[in-house]
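Colleague: I am still learning to read models of this kind, and I would be grateful for a close look at a single part. Could you take me slowly through the helices and how they pack, and tell me what lies around them?

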Amino acid sequence: MSEKAIRTPIPSGGVGWYSFDEREVEAATAVLRNPEKLWRYHPDSVSSKFEAELEAKTGFKHALFVNSGTSALACALTALNVGPGDEVIVQAYTYIATASACLEVGAVPVIAEIDESLALDPADVERKITPHTKAIIVTHMQGVPGCLDDLRAVAKKHGVYLVEDACQAVGSKYKGKYTGMDSDGCAWSLNYYKVITCGEGGVFLTNDDRGSVRAYYQSDPAGRMWETGMENVAPDVHVFTRACYRANEVSAAIARVQLEKLDDILARTRRLKKTLLGALNEPIHYRRQHVDDPEGDCGISFAMIVKRQEDVEPFKEALAAQGLNLDSAFSAFPDRHIYAYWDSIMNKVGGSEKNYPWNDPKYQGNVEYSRDMCPQSLDILTRSLRLGITLAMSEQNMLEIAEAINRADAALG
Ligand SMILES: Cc1ncc(COP(=O)(O)O)c(C=O)c1O
């Protein structure tokens, strides 16, 4: 029997944390040596420096560093005045936090199909729009931006906002600009599993002055009282008090170092993915995930969508015979990224007994959920085989993985 295609062990590991070195340790330690500066509101604020650096790097007018990507999404929605009575369209394949951010601001999530981009299907979004729809959130899963031109066209046609959940796609671009730039707000996550990480953290990015002030009030209950001067950015925004998503200075210090590494990290993951793609034969039994703008893809994942449901298991077995074990994107309960497993949402269980916000008198819609409500997404996810690409991997890994895929595809006949 011939040797397996995978001869070099495929290392596991995260993307961002794999690039950790003494620089992150020193940056965090420097903050800890000045405990009186652990609080973000002082002239030397590390969080403020991080935000300024984010703005300079991305070109967004405003960056707000908060404690999580979920908080950043809630900021994005509040920035647009999305709240009770409103529906927000989210995709069937995204981390549950995209939907929970809607609930956090009192809006009702409506779940729409994905297509072979593994992000929102613009055609289904159009079907799901009702008079109550105020915003759409597209999630760029595993570093791959969704079909933004089409989604922006739908949003524009129906007069609704488009928010981008780039929590898994930090640093992704679309047509040469950072994702979110031509939409109505964008969220990044800097949690442990992300492209860059500070353990826990998130960033809300916007070009809208008023939205940035509203997001700031959403993120700090005493926002107006810290004399940050935020109110001067848009003096007509009324002051309100909401949640506390205030960021931590130690996290900001780590995040600044990671931001400096972002280009190098992405250059490496993109190069690895290019090597893989370049070594793949023309597929027979699968299609590659549709990537609308390959240049903007973070390069941290590769997905094959097997053409026929009945070929999925034989293809997985043929890959395993080559030493490559890939799972379908449809994993067993409780996958956090598939709507059918979002029990609390499927059952409309709110944080209070009254099933808020579905029963809010302001909500005049009638959204219903069921575990089989997005059959197209479930079908695509069961046929999608995914590979994570991390900094721990090598060019040799990519070549061997491509060889395994080519051999398995050919073996299927
Ligand atoms: C697509 C997506 N959206 C939102 C989030 C929320 O980010 P965080 O965990 O930082 O709140 C995540 C995090 O895993 C995510 O993957």
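Modeller: Helices, of at least four residues, and strands, of at least two, are taken here as DSSP runs and are numbered from the N terminus. Please keep in mind that this is a predicted model. Counted in that way, the chain holds twelve helices and 13 strands.

Let us begin with helix α8, residues 249–279, and follow its contacts with two other helices. One partner is helix α12, residues 395–411, whose axis comes within 8 Å of the axis of α8 and crosses it at roughly 30°. Angles under 35 degrees count as roughly parallel, and α8 and α12 are therefore roughly parallel to each other. The crossing in which α8 passes α12 is right-handed. On the α8 side the contact is formed by Leu272, Thr275, Leu276 and Ala279, which meet Glu395, Met398, Leu399, Ile401 and Ala402 in α12. Sorted by class, this contact of α8 with α12 contains seven nonpolar residues, one polar residue and one charged residue.

The other partner is helix α1, residues 22–32, and here too the axes come within 8 Å, but the crossing angle is roughly 150°. Since angles over 145 degrees count as roughly antiparallel, α1 and α8 are therefore described as roughly antiparallel to each other. The crossing of α1 with α8 is right-handed. From α1 the contact takes Arg23, Glu24, Ala27, Ala28, Ala30, Val31 and Leu32, while α8 contributes Glu249, Val250, Ala253, Ile254, Arg256 and Val257. In the contact of α1 with α8 there are nine nonpolar residues, no polar ones and four charged ones.

We can now turn to α3, which packs against helix α7, residues 209–219, at an angle of about 130°, with the two axes 8 Å apart. That angle makes α3 oblique to α7, and α3 passes α7 in a right-handed crossing. The residues that meet are Ser71, Ala74, Cys75, Thr78 and Ala79 of α3 and Gly211, Ser212, Arg214, Ala215, Gln218 and Ser219 of α7. By class, the contact of α3 with α7 has four nonpolar, six polar and one charged residues.

Helix α3, residues 69–79, also leads us to the ligand, for α3 and α4, residues 96–104, each supply at least two residues of the shell around the ligand. There are 14 residues around the ligand, of which Ser68, Gly69, Thr70, Tyr95 and Ser189 come nearest. The shell around the ligand divides into three nonpolar, ten polar and one charged residues.

In the loop between α10, residues 343–346, and α11, residues 375–383, lies Pro357, and the peptide bond from Tyr356 to Pro357 is cis, with omega near 10°. Lys175 lies in the loop between β6, residues 173–174, and β7, residues 177–178, and the phi of Lys175 is near 50°, which is a positive value in a residue other than glycine.

Note on methods:
Residues numbered from 1 in each chain as written. Predicted model: local features only at pLDDT ≥ 70, side-chain atom pairs only at ≥ 80, totals over all residues. Near = placed C-beta within 6 Å. Nonpolar A, V, L, I, M, F, W, Y, C, P; charged D, E, K, R; others polar. Axes fitted to C-alpha atoms, helices over the stretch in contact; angles between N-to-C directions. Parallel < 35°, antiparallel > 145°, perpendicular 65-115°, else oblique. Left-handed = near helix turned anticlockwise from the far one by under 90°. Contact = placed C-beta atoms within 7 Å.
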